[in-house]
Amino acid sequence: MRRVNKDERTRISFTLNGRAVSGEAESRMLLTDFLRHVIGATGTHVGCEHGVCGCCTVLIDGVAARSCLTLAVQAEGRAVTTVEGLAAPDGALNALQQAFQRHHALQCGFCTPGILMSFTDYLARNPHPTEDEIRDVLSGHLCRCTGYAGIVAAVRAVSAGNSKQPS
Amino acid sequence: MNVRSQSSGDFLSQALGIPLVRKEDPALLSGRGRYADDLPVASGTLHAHVIRSPHAHAKILKIDAAAALALPGVAAVITGEDVRQLTDPFLIALKAPVHQWSLAVEQVRYVGEAVALVVAESRYVAEDAAELVQVDYDPMEAVTDPLAACDKSAPLLHPACKTNEISVRKFAYGDTAAAFAAADRVIALTVDYPRLSFTPMECYVVVAEYRPHDGSYDVLANFQGPFSTHPVMAKALRVPGTRLRLRIPPDSGGSFGIKLSVSPYVVLAAIAAKITGRPVKWVEDRAEHLAAASSGPNRITRIEAAATLDGRILGLRLDQLEDYGAFLRAPMPGPLYRMQGSVTGAYDIPNVEVTNRIVLTNKMPASLIRGFGGPQLYLAIERLVQRIAVELGLDHLDVIRRNLIPAEKFPYRTAAGALYDSGDYARAVATAIGDGRLDDLKRRRDTARAAGKLYGIGFAAVVEPGMSNMGYLSTLLTADARERAGPKNGAVSMATVNIDPLGGVSVSADVTVQGQGHQTVLSQIVADRLGLDPADIKVTLELDTAKDAWSIAAGTYSCRFSPGTAVAAHIAATRIRGRLAGIAANQLNVLPDDIEFADGQVRSRSNPDNALPFGRVAGTAHWSPVMLPDGMAPGLSETGVWSPPELEPPTSDDRINTSLTYGFIFDMCGVEVDPVTFSVRVDRYVSMHDAGTLLNPLIADGQVHGAFAQGIAAALYEEFVYDENGNFLSGSFADYLVPTVSEIPPLEILHQETPSPLTPLGAKGMAEGNCMSTPACIANAVADALGVKDVSLPLTPLRLHALMAGKP
Ligand code: FES
Ligand code: FES
């Protein structure tokens, strides 16, 4: 197992959205800070830094995780996926993103990246969830703007395979 | 269902009034937002961390920063003494010796008050250093209860004021004494509105730079306005406004009023930049935000009605005691006065007396919050109306309907001076209860009650003001004092439309982005005028006080967008359109009256084949100014300025038209209270809105859903709690309960559109309504379910259990 000393800056390398990234950080640096301020991937947001709001959710080896409760060194050698990795290289939105736009599932958009990442993980494992299951996953996130109605509608639409039609 | 009455909009294209999806979304959905903390900063930028008071009330004896300063990477530790030397206290709306600086000076007055600022090369180092700063306090007795704070024996927050109750103003409209003398019954109630915030998911961010060559500050902050606070910040920094350049980032992670209160930190970071000679960045964390950012004011209202036996309200008396916490920050006491004109709500009540009191306590300072005085007022009025029904043995809905302002009385001047522009309240209520909705609620109630459950039905009828009169706050002063200070009134909105040589259209405006979708709506408005696709209109809203057109009313607050800035954009685009029509008429050899704008063309209405591409006409203005029609000014940039004349200053007898537009909301709901756990389940909720003409129904519904969730939060969950010693007990999202999706019940939204005759687009403010109506509606339903009079928000199981303990 890799050992890092408390005050030492170490090099941390992992793949971010399929591309190799690397940077130096103290062992205590949070993954949120590393992504945002060392790598410059600012799509992942920080809403509480205590694990409640879900804004900072990313995928680590395909599994949703709170990056504010993760140290950057813990990502060493892993595959990290963030909101920047969802759209096609030409910028075209994926089905989940399109459904969010169509159903007005975001206002300020600050909570949105984390919610997209949670459902990216969840829908991969359960492509056709019930509404209760959708609400269950969403209850791990706080959104102050939307009242959640549009988000539930968007995920329902995409899981029903008809992100084009507002329900 | 969408009940549309005729629109006054005169919309030319299909761009406006349709549920267009938002142009903001693709970037935000892709992690390409540009929020304050995402933007690059100059190399060498330092990072700040605020040291905060653990005491509610204490003298600061000594701050020893030596050990912190010895830590490598620490640039400065700034204290109240520095701030006192370099800045002036913030101006306040009241003549009272309540001095607040950006750091505590000599004493602290609430838990979380900023005491010192550590500035270091990274945030991590700044936080390390903060642990080494030794602050010695001498704790004093604190007071958190507003009534106790009014007592003569209470510890004083600001001893120079000699009292904590720093303002008492009495207002009399009509002949209220006669109304009470004529009444069959007087029905009274005391209502408590709690402290809470709508905690945007993004906290405060400030990046400040000092420019020594001209002594100016360049500050980026996720400030939301009102920009009436800009002079307050500039004065505190002792510079003219031009030397405080304030820039707003392109995106903001929500605001709901809360991000006005980043303003003290703008000043603090600016001073830190001056002291250190380096740019300084500060990012607030959630614990700081909950303890010290901002709260809505709590209010105790004693309200009584003079009523006839059939439930007609002849007169009202309100005594409103509002608790602003430790300081009165500008533009406070806004919430206490913003509703002054509409203090009689949706009802035709000609006589009213109001006493407004302001008290200070050892809690975080209160400030703007969505709803802004409406939730407090309507909880009192709507609870009272329910009590009138109960005490007179009448049907609650009948009492509401008996008192609503009748449609034929619009435009309606309220007793306190508001000019309600338009409305048909009775029809809105009829529609909402129609289609079997009320019958269904009653059926649910009867079934539940028959099964021994606690079920109640609640109603609320509220008037939602939009676009504040900048003069309303001066109602706080006596007529004489107003005279001396000079008249205050109006509200100026501005938007600029610019067309480039290829016909590209860009728009900027005097609003700050918070997530409402203003870019989309502005693009719809301008596209509508110019016959273009909204997708072709580029809207940039990064307000910059050094370069943009703005007035003291600028910012996004009090629902000023639809009745204000939207109109300014409409005016600017209409003027540009006139100009382009003149150019095209010349070239097409037709009269300007025959010109129409459609499908990206400027063409003859009578002969659409006689057409020019839009870009070509625009190009003429750029490339060949000599070819312009005689007398036409060159250039294709227009700033629309909108200043509605109805926003007059307060009259000498204190009547004030507090806002320009007045929408209407009627809510009804059914709730079930669990007899064992006392948790409240909202079974069905219907919300009817009349916000005039809807500019974008998709966005409008989004605003209603969002405000509704916050209304539910206020009714059932959120509260900032202090103990009697002023300790703060809601310091994390584990203690301060922001509802998740599981707590938000389904909502049925209905619309009626009664256009405002006072704005060219017919649109009214509409984004705050359910923050006002929902707490009252739920409180009424719970009161109905439990058969009780006093229901305090939030209606938590703990509270309801205490309320019901001892009842059979
Ligand atoms: S920032 Fe990680 S959960 Fe809130
Ligand atoms: S969209 Fe603003 S917090 Fe969710």
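User: Which residue is the bridge partner of B:Lys59 in S5(B)?

Analyst: B:Gln107 is that partner. Keep in mind that this is a predicted model.

User: What makes strand S3 of chain B and S5(B) a pair?

Analyst: Strand S3 covers residues 58–64, and with S5(B) it forms 2 bridges in the antiparallel sense. At least two bridges are needed, so the two strands count as paired.

User: Why are strand S5 and strand S7 of chain B said to stand at the edges?

Analyst: The open sheet has 3 strands in the order S5-S3-S7. Strand S5 (107–108) and strand S7 (134–139) of chain B each have a single partner strand, so one side of each lacks a neighbour in the sheet.

User: Turning to chain A, how do you know that domain 1 and domain 2 are in contact?

Analyst: Domain 1 spans 9–85 and domain 2 spans 95–159. Contact requires heavy atoms within 4.5 Å. By that rule, 18 residues of domain 1 of chain A touch 14 residues of domain 2 of chain A.

User: What area is buried between domain 1 and domain 2 of chain A, and which residues of domain 1 lose the most?

Analyst: About 1,100 Å² is buried, with carbon and sulfur atoms giving 64%. In domain 1 of chain A, A:His45, A:Cys55 and A:Val83 lose the most, together 38% of what that side buries.

User: How many salt bridges and polar contacts cross between domain 1 and domain 2 of chain A?

Analyst: The rule finds 0 salt bridges there. Polar contact links 5 residue pairs, both residues at pLDDT 80 or more. The domain 1 side of chain A has 9 nonpolar, 8 polar and 1 charged residues.

Key: Residues are numbered from 1 along each chain as its sequence is written. Chains are lettered from A and ligands numbered from 1 in the order in which they are written. This is a predicted model: local features need pLDDT of at least 70, side-chain atom pairs count only at pLDDT 80 or more; totals for chains, interfaces and linings use all residues. Side-chain values use heavy atoms; hydrogens and water are left out. Helices (H or I, at least four residues) and strands (E, at least two) are DSSP runs, numbered from the N terminus. Domain bounds come from an automatic or database domain assignment. Buried area is the accessible area (1.4 Å probe) that two parts lose on being put together, summed over both. A salt bridge is a side-chain nitrogen of Lys or Arg within 4 Å of a carboxyl oxygen of Asp or Glu. A polar contact is a pair of N or O atoms within 3.5 Å; within protein, one must be able to donate a hydrogen and the other to accept it, and residues adjacent in sequence count only if both atoms are side-chain atoms. Ala, Val, Leu, Ile, Met, Phe, Trp, Tyr, Cys and Pro count as nonpolar, Asp, Glu, Lys and Arg as charged, and the others, Gly among them, as polar.
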